[in-house]
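Hi,

Here's the structure I promised to pass along.

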There are 4 protein chains.
Amino acid sequence: MRVMQIEGEWGLDHIKLGQRPDPEPGTGEVLIRMKAASINFRDTVMVNRGYGRRSGELPLVPLSDGAGEIIGLGDGVTGLAVGDMVCPAFSQTWVNGPFSERSWAGTLGGPVDGTMREYMVCRAESVAKAPSQMSAAEASTLPCAALTAWNALVTQGHVQAGDVVVIQGTGGVSLFGLIIAKMHGAEVILTSSSDEKLAKGKAMGADHLINYRENAEWGRAVGEITNGRGADHVVEVGGAGTLQQSIRAIRPSGIVSLIGVLSGAGGELNLGPVVTQNVRLQGITVGSADMLREMNRAFELHGVQAPVDPDNGFAFEDVAEALRTFPEGRHFGKVVCEF
Amino acid sequence: MRVMQIEGEWGLDHIKLGQRPDPEPGTGEVLIRMKAASINFRDTVMVNRGYGRRSGELPLVPLSDGAGEIIGLGDGVTGLAVGDMVCPAFSQTWVNGPFSERSWAGTLGGPVDGTMREYMVCRAESVAKAPSQMSAAEASTLPCAALTAWNALVTQGHVQAGDVVVIQGTGGVSLFGLIIAKMHGAEVILTSSSDEKLAKGKAMGADHLINYRENAEWGRAVGEITNGRGADHVVEVGGAGTLQQSIRAIRPSGIVSLIGVLSGAGGELNLGPVVTQNVRLQGITVGSADMLREMNRAFELHGVQAPVDPDNGFAFEDVAEALRTFPEGRHFGKVVCEF
Amino acid sequence: MRVMQIEGEWGLDHIKLGQRPDPEPGTGEVLIRMKAASINFRDTVMVNRGYGRRSGELPLVPLSDGAGEIIGLGDGVTGLAVGDMVCPAFSQTWVNGPFSERSWAGTLGGPVDGTMREYMVCRAESVAKAPSQMSAAEASTLPCAALTAWNALVTQGHVQAGDVVVIQGTGGVSLFGLIIAKMHGAEVILTSSSDEKLAKGKAMGADHLINYRENAEWGRAVGEITNGRGADHVVEVGGAGTLQQSIRAIRPSGIVSLIGVLSGAGGELNLGPVVTQNVRLQGITVGSADMLREMNRAFELHGVQAPVDPDNGFAFEDVAEALRTFPEGRHFGKVVCEF
Amino acid sequence: MRVMQIEGEWGLDHIKLGQRPDPEPGTGEVLIRMKAASINFRDTVMVNRGYGRRSGELPLVPLSDGAGEIIGLGDGVTGLAVGDMVCPAFSQTWVNGPFSERSWAGTLGGPVDGTMREYMVCRAESVAKAPSQMSAAEASTLPCAALTAWNALVTQGHVQAGDVVVIQGTGGVSLFGLIIAKMHGAEVILTSSSDEKLAKGKAMGADHLINYRENAEWGRAVGEITNGRGADHVVEVGGAGTLQQSIRAIRPSGIVSLIGVLSGAGGELNLGPVVTQNVRLQGITVGSADMLREMNRAFELHGVQAPVDPDNGFAFEDVAEALRTFPEGRHFGKVVCEF
């Protein structure tokens with residue numbers, strides 16, 4: 001089968017088209033014909049071996065997010081059928097329960113080979129049916145980007161109707177956070193540096209908009225919008241600069257989900273209010289296969305359309321180019337490679 | 001009645017002996033003859049109006065922690081009797097449930113008058129019976145110092161037998177953390193810069209000792225002690241310097257309770273592992289009156305002796321001196337003023 | 001002020017119009033001009049002293065649910081103003097946290113005087129603002145009927161989008177359960193013995209309808225609708241007969257909220273599947289004042305209209321008649337007395 | 001290899017010595033030389049196909065609980081070594097998270113072959129190291145009997161120091177419940193019909209003893225012992241008769257763990273107090289492999305000795321006799337077959 005893989009040395013320049021033997025499903029496994037894969041920030045770090053020994057070894061097939069069609073079943077598989085569109089779970093060894101050391105061993109796109117290949121074999125319990133209304137491109141955005149937002153807001157955050165949720169920007173996790181928050185009856189405050197992106201977010205259901213370029217002290221603005229209560233949840237995807245505002249925005253005993261890579265680069269972070277306000281800063285590491293099944297069922301029920309950027313699609317062979325341009329942030333919605 | 005109060009201006013130099021009218025208990029209230037009060041780090045901040053408007057207004061009776069004997073009951077009080085030794089809860093408006101904006105309004109020692117007074121009147125639901133084996137001096141250390149550790153490990157942390165708990169140093173919260181962790185069957189790793197203090201901690205039940213002066217990378221040492229698993233809980237009481245080690249010490253999906261005032265002064269904090277390891281950083285703001293009742297019942301059942309420093313006791317009138325010398329950290333155990 | 005009260009002896013025949021002194025708000029309290037009160041099943045039990053000593057003493061003002069307008073404020077009240085429409089919380093001594101012995105002491109309509117009076121004085125923390133779109137009649141249905149459903153599904157049940165929720169019948173708790181489940185993106189299966197009522201439920205958003213008169217084994221029908229998964233939540237309001245079906249309907253590790261008075265009268269109940277399926281049967285005792293505030297905020301955000309039965313309204317003086325006819329079950333929606 | 005298996009027909013009389021091919025460990029699997037197996041009530045039901053289709057098919061190797069030594073490792077196994085004493089998890093398909101439909105598929109002793117065989121091959125994640133101080137006989141009692149008590153009190157119950165725990169009788173789950181409750185600093189009330197067994201329980205740490213033959217209304221006795229508070233936890237292992245007393249014994253918002261098979265045979269059960277007291281009845285279906293690892297770590301730290309009955313041991317070939325005499329209840333502690 002054809003794969004795109006990092007060969008010889010780490011780095012974008014070393015992503016090459018390669019050949020691997022066709023895999024076969026064993027007992028309890030399914031064979032998937034992959035149709036699409038999508039880009040996450042994590043992939044741009046991994047390609048440079050940015051997670052150290054947890055990046056795995058070369059050659060490595062990149063990308064964690066993808067979707068495809070089941071074309072073969074091993075013995076003993078129930079609940080799945082040939083023809084089903086499915087998403088492989090981010091970690092093939094994290095079926096349910098909390099994130100653990102064991103979960104790391106099976107994460108796609110490093111250390112385990114990822115989704116940029118013609119065929120994948122997965123244990124049946126480590127794939128989830130895609131919502132039936134979604135194309136393969138849409139479904140390819142679910143296992144990491146969407147599930148990270150779901151884990152933050154639903155599994156860990158128990159978001160409920162009437163809660164105020166702050167969504168930062170319009171990246172993949174954030175747009176899914178917006179969809180998921182509204183699906184649970186919450187009130188959404190969206191921040192962005194672009195009025196154009198804010199307008200798109202409003203069309204997707206955001207209740208309040210803050211342009212943080214015009215309003216750098218947006219944590220205070222959240223206080224005003226909520227009559228001094230503060231937000232119940234903040235989905236923190238930013239760098240070192242935004243966390244201080246998130247801490248200002250959150251209510252006592254609220255939860256700030258940490259998703260972005262927070263390097264603290266040169267910044268001074270005052271965690272005093274975390275203590276005096278009983279705030280929870282919760283690191284979020286994507287989610288389990290069971291969470292993915294739950295989320296996909298919810299998305300199916302609600303007929304959700306995944307926010308794929310129609311203007312930033314790539315072909316299978318062009319994944320290196322997709323990774324190269326991703327950090328420029330010109331997209332609105334997910335960047336997808338279709339096979 | 002006699003009170004010690006901050007008068008005229010904020011600051012240690014302005015703590016004076018004063019007179020206030022004797023209070024009387026109304027419906028649902030109890031009248032307490034105070035016997036002892038103890039010092040927390042918070043008090044040294046408050047005396048300089050360090051929490052801004054949340055410090056309250058002058059004159060202010062300082063200190064949050066104390067104990068005394070009930071000498072009068074208002075109508076409708078049940079479950080308490082004249083002669084009971086009790087502890088007023090840290091926040092008189094936080095009976096149970098999570099910390100909220102409402103809790104702030106009633107915290108003793110600022111914004112509400114604290115425990116340095118002959119008599120207090122409290123709502124019955126806002127005091128807890130002291131464990132019967134404790135002296136007033138011991139009981140005076142429970143509402144803040146002990147309860148903070150209880151909230152971190154028990155209410156929020158659900159500590160269970162076999163868990164590994166890292167306790168930093170030998171301050172009041174830390175020693176109570178050690179007692180509480182052992183009471184629940186956990187394994188305790190204690191850090192300190194002093195071998196003498198470590199030896200005392202070992203006598204109190206600590207299973208593993210780390211002198212962080214000799215072993216600055218103590219987060220790694222925790223990894224070795226736990227065979228690479230990491231700790232289940234870290235009770236983080238330090239400044240900016242220790243949090244990075246705590247994050248290194250914690251296992252995936254573990255909980256770091258933030259208690260100390262973390263100013264990040266000049267420090268660079270890398271929160272990346274919080275995200276990739278699904279870590280929870282949980283701010284802890286003391287605890288509710290119901291938590292205090294639970295803890296005191298446990299302490300009574302176990303015949304706990306509170307760690308009062310016998311060499312650092314003060315008289316009622318010397319509270320300013322107690323506050324002045326407290327930050328020097330020469331004590332082992334709680335610094336108490338006996339009335 | 002005028003009150004309706006049970007005088008002399010317990011029982012419907014002893015509900016009389018009476019006079020009480022006008023109350024005045026003390027520190028931290030509000031004075032409310034009551035406008036409406038609504039009937040719950042509990043009231044029909046209480047009127048006959050059906051909860052024993054917990055029913056309180058005569059004379060007793062009946063009814064737990066009500067709403068009115070603030071017409072006076074004691075000192076120190078913040079966040080509420082004259083003119084606000086508010087609901088007194090079911091238990092005036094249960095502000096937040098879990099239900100406890102303390103909560104019993106302050107429940108309206110027994111043992112404490114209830115809502116059938118011209119004026120009420122409540123502590124500010126024990127009332128919640130009504131959603132602004134609601135009439136007094138609508139708001140009067142919130143503190144017990146609506147909040148019981150909220151506590152079951154949201155606070156205890158953490159209902160999430162995509163969950164399957166079984167709602168039994170079309171009584172007050174059930175209709176609010178339907179509204180709340182849909183507000184959180186869940187899929188609702190509604191049961192009733194009346195096709196007419198099922199049709200009304202469908203208009204309110206129910207996804208699946210089961211007439212249990214035609215389909216007594218409705219637990220099995222739930223299995224079929226969910227492709228064998230079972231329901232995530234069942235809001236069990238029925239008598240002894242329905243619980244067995246609820247246990248059949250629930251998925252492994254699901255939650256059955258027990259709300260109705262389950263007398264087991266003569267019935268044999270097989271709890272075996274509760275054990276083998278890890279099911280949680282959770283008794284629900286209305287909810288706290290903080291839960292009421294959360295729910296009302298959600299209802300305001302969503303512009304919820306409370307299901308008041310327009311054909312079964314009563315005047316203040318006719319509360320005995322309202323209680324007498326309530327068990328006949330001819331209403332669809334809440335039965336309200338308007339003052 | 002030699003196995004004991006139910007052959008041809010269900011029932012005790014059809015348990016025969018049989019031969020099966022020696023198994024070999026595949027990737028990620030371990031090969032175990034079984035040393036001991038112990039009896040649970042469940043086994044006496046299963047042998048008669050008492051769980052219907054969930055009992056599996058004949059021939060079936062019975063028993064869920066067992067222990068043995070690793071004698072071979074497949075590729076890719078980490079954290080386990082040849083020579084380790086291990087316990088296979090009750091369900092080989094329930095690694096962590098809550099009990100689910102998937103968990104049923106892999107339960108030992110039906111529908112999957114159980115522990116009465118010379119060799120077992122298990123996935124590495126589905127076995128747990130035994131505490132090093134335990135014999136094989138002791139370790140054989142952990143995966144079901146001990147873990148059921150752990151799941152009830154620790155995972156679901158979050159038992160904490162000072163809690164009051166009611167333990168019913170002196171069966172396997174109950175004795176482990178006593179050990180686990182004391183390990184977490186709780187206060188234990190033990191019930192039994194035998195003063196001799198009560199005395200043995202007291203020697204193991206029980207704080208209060210109730211002979212329910214002399215005191216049938218033992219729920220009331222719990223109220224008296226707790227000064228009217230009620231118990232925080234009841235581990236309910238009895239039949240229909242005891243649940244009513246458990247409901248009387250529990251405090252508001254307390255948890256009754258349902259473990260025994262509660263047939264309600266002829267009994268009338270009044271669930272009214274479950275509703276009015278906000279009680280949680282929680283079905284407990286053993287526990288996951290991760291829970292087993294947690295528990296074994298705690299047992300190792302505490303040097304726990306498992307309560308094996310020295311007077312009721314059986315040989316491998318005598319398992320049918322062990323199952324036959326088990327319901328007579330003459331044992332104190334676990335009944336074990338040593339190979």
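Predicted model: local features only at pLDDT ≥ 70, side-chain atom pairs only at ≥ 80, totals over all residues.

Chain A by itself: it has 11 helices and 15 strands. Its radius of gyration is 20 Å, close to the 20 Å that the globule rule gives for 339 residues, so chain A is as compact as a globular protein of that length. Looking at contacts between residues at least 6 apart in the sequence of chain A, 70% of them join residues at least 24 apart.

Now the contact with chain D. Nine residues from chain A and nine residues from chain D take part. Together the two chains bury about 670 Å², with 28% of that on carbon and sulfur atoms. On the chain A side, A:Asn96, A:Arg102 and A:Arg123 supply 67% of the area buried against chain D, more than any other three residues.

What holds charged partners across this interface? There are two salt bridges between chain A and chain D. One of them pairs D:Arg102 with A:Asp290, and the closest N and O atoms there are 2.5 Å apart. There are also three residue pairs in polar contact across the interface. As for the residues of chain A that touch chain D, five are charged, two are polar and two are nonpolar.

Cheers

Notes:
Residues numbered from 1 in each chain as written. Chains lettered and ligands numbered in written order. Heavy atoms only, no water. Contact = heavy atoms within 4.5 Å. Buried area = accessible area lost by both parts, 1.4 Å probe. Salt bridge = Lys/Arg side-chain N within 4 Å of Asp/Glu carboxyl O. Polar contact = N/O pair within 3.5 Å; in protein donor to acceptor, adjacent residues only side chain to side chain. Nonpolar A, V, L, I, M, F, W, Y, C, P; charged D, E, K, R; others polar. Helix = DSSP H or I, 4+ residues; strand = E, 2+ residues; numbered from the N terminus. Rg over C-alpha atoms; globule rule 2.2 N^0.38 Å.
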